[in-house]
Amino acid sequence: MTTLAPPPAPAREDGSHRRTTPPGDGGLAARARHLFTGAPDDPRWARPTLWAILVLATALYAWNLTSISGNTFYNAAVYSGTKSWKAFFFGALDSGSFITVDKPPFALWVMGLSARAFGYGTWQLTLPMIAVGTGSVALLYRLVKRDFGAVAATIAALALTLTPITVAITRDTNPDPILVFLMLLGAAALLKAVRTGRLMPMVWSGVAIGFAFNTKMMQAYVVLPAFFLVYLWAANASLGRRIRNLAVGTVALVVSSAWWMVVVDLIPASSRPYIGGSTDNTVWDLVIGYNGFGRIFGASSSVGSQGNGASFGGDAGLYRMFNEIMGGQISWLIPFAAIALAGGLVLRGRTPRTDAKRAALMLWGGWFVLHYLTFALAEGTFHPYYVTAMAPGIAAVAGAGGVMLYDAFRGGSAAKWGWVLPSAIAASSVWAVVLLQRVSGSGTLYTVAEVVAGVAGAASVIGLLVGRFTKRQRLMGVAALAAVVALLAGPAAYAASAATSSTNGTNPTAGPNTGGGMGGMGGGGGQRPSGTKGGQGTNSGKAPSGSGGDQEMGQPPSNSGSGSTESGSTESGTTESGSTESGSAEGGAGGGMGGGGTQVSSAMITYLKKNQDGATWLVAVATDQTASSIILESGQPVISMGGWSGSDNAMTLAKLKSLVKAGKLHYIVVSDSGQGSSNSEISTWVKANGTAVSDYSGLYRLDASDVG
């Protein structure tokens, strides 16, 4: 009997061949194999390339993991949540649950569960961030590949991986990486709802954005106009069904967004922490004010510093993303993405309403444009790392739109497309050279990147034009590859810098110092503006004494009475921000009420622990910055009386007297620099009725007998 050989695999346009699945080869084993080898119709290079990108992303995010300190502010809240489920639920800064952080707690829950499972320490807190960072790259690849193919998906995944600010923030304990991952989950469900016209994907999209809201509140909603428009326009369903599904999805969004807020606001204020950042001790006020319109318009009655946001990322305006502070963090591909978006929409202009490619391009383009306008024009508090949320939109548009422009260019369907792709490549290549010239002299890495961007960019433009006019397809393919190298050389240099240098946990950035008030080499340099969160705070990301968790850089747990620590002495006299690492060698908390983020000394902490006398809280200090450092140093609850800026009305004189009378608090740090009438009243009363601890400036002891 003659056995017939199977037919050859069908050839692709580029000459490569699809893999074919043998008959009957299916089930779980096949799915597991396809996880590593890709789907049968994928080009052979696609899945190995994806795995290489994911390995690269993980390496960038996790490199020298033990050197990552994280954000002291959030680290303290996570630690407190490991000591108290009440503090865990509310997102309280201290395990005594006096005041919450100024964000909803979902990111703290994720890190807190990791810390509860594996112990408190550096890698336990950063592990979830690395996981969601790499997961975002994989998810973006999958979403772009479905509509635009493996080439576009590979470019998008690589662009997201190498976005400098994304590398910097993923190596931190700020909530933004979790926010981005949840928003991408929402986009995945939305695109499925658009393709199928079914209800449940729309519901799951709303749920994902709702969880993103409980990660960083109103920032999660920036993409919603694009989500709504894309679904209403392009979903594969009748208009009535689209409206119904969108309405149900919106209900899911509202419920998943508001449930924690409603529960917290329904609990009597006496039974829960004060809501940090609010003016009236409600989450609703935090949503609308400090974390809502205050960020956009720079006007917040709760925190006066909302209007000084320009000092973190430059003046508000359409040019903000290109200035010396922000340019190297996010702007590398913006010129290319803008041209690719416009060109791609024009190319799909006459397709049916339900065209999947146009719908996806509208989604990613809307993501990019909405974030750009929001961040560029925001007049409130603005940190450079916020723009990591814009990175998936830029990366997806660059990959999808770039491939669409290349296909139009190569096909020669219209003379006008002969110049669009080369122009887009030239624009971003020139901009990359400009960005790299700004940091000329900062190191060989940036010099090499500048040469590569310039030479590869020029070679790409020339190769594309020559190849098109001579009909040499292979030359155009090589030129397109050179374009990818040119456009990603600069981001790669900045990303490598962020991965291999110390990170400012409270305001991370990538690349060398470009001045303008922002840190370089991971955000360390430059003068940090007043009001920034924390600094390279005391024992940031390190398990407190007695916590039982791993210590920073694998060291054993510190003894709070063992002499000098980072908070008790300075290694170089100043922090990277130019301010002293701690208070005076023997102590005070530097600002007392309203005194900013200066840290107390280890000697004072040792004294306080020795004389705590059964109190719930070790000490009461002015701000979250000081409190968080003491929490991580001592492992004990510490009261932040004024929240982040010192202006929250979390502590009143009546509340202070009640705590002292009940024996829950004995020590308080005050000074003459109090902010607001309540703080001034507290300072006056403490000085009149408390006993000054002479060894430590500003420290007073209060007992029940001192309360009249």
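Where is the place of Lys192? Select Lys192 in your viewer and you will find this residue in helix H9, which covers residues 176–196. Keep in mind as you go that this is a predicted model.

Lys192 itself is partly exposed, and its relative accessible area is 37%.

**Stop two: Asp42 and Lys145.** Now turn to the salt bridges, of which the structure holds seven. Show the side chains of Asp42 and Lys145, which meet in a salt bridge at 2.9 Å, N to O. Asp42 sits in the loop between helix H1 (27–37) and helix H2 (46–62), while Lys145 belongs to helix H6 (residues 122–148), so this pair ties together parts that are 103 residues apart in sequence. Colour by accessibility if you like: Asp42 is buried at 3%, whereas Lys145 is partly exposed at 22%.

**Stop three: Arg348 and Asp355.** Select these two next to see another salt bridge, with the closest N and O atoms 2.7 Å apart. Asp355 counts as buried, at 13% relative accessibility.

**Stop four: helix H18.** Move on to residues 391–411, where Arg410 and Asp407 lie three residues apart in the helix, separated by about one helical turn. Their side chains meet in a salt bridge (3.9 Å, N to O). Arg410 is partly exposed at 29% relative accessibility, and Asp407 is partly exposed at 40%.

Note on methods: Residues numbered from 1 in each chain as written. Predicted model: local features only at pLDDT ≥ 70, side-chain atom pairs only at ≥ 80, totals over all residues. Heavy atoms only, no water. Helix = DSSP H or I, 4+ residues; strand = E, 2+ residues; numbered from the N terminus. Buried < 20%, exposed > 50% of the residue type's maximum accessible area, 1.4 Å probe, protein only. Salt bridge = Lys/Arg side-chain N within 4 Å of Asp/Glu carboxyl O.
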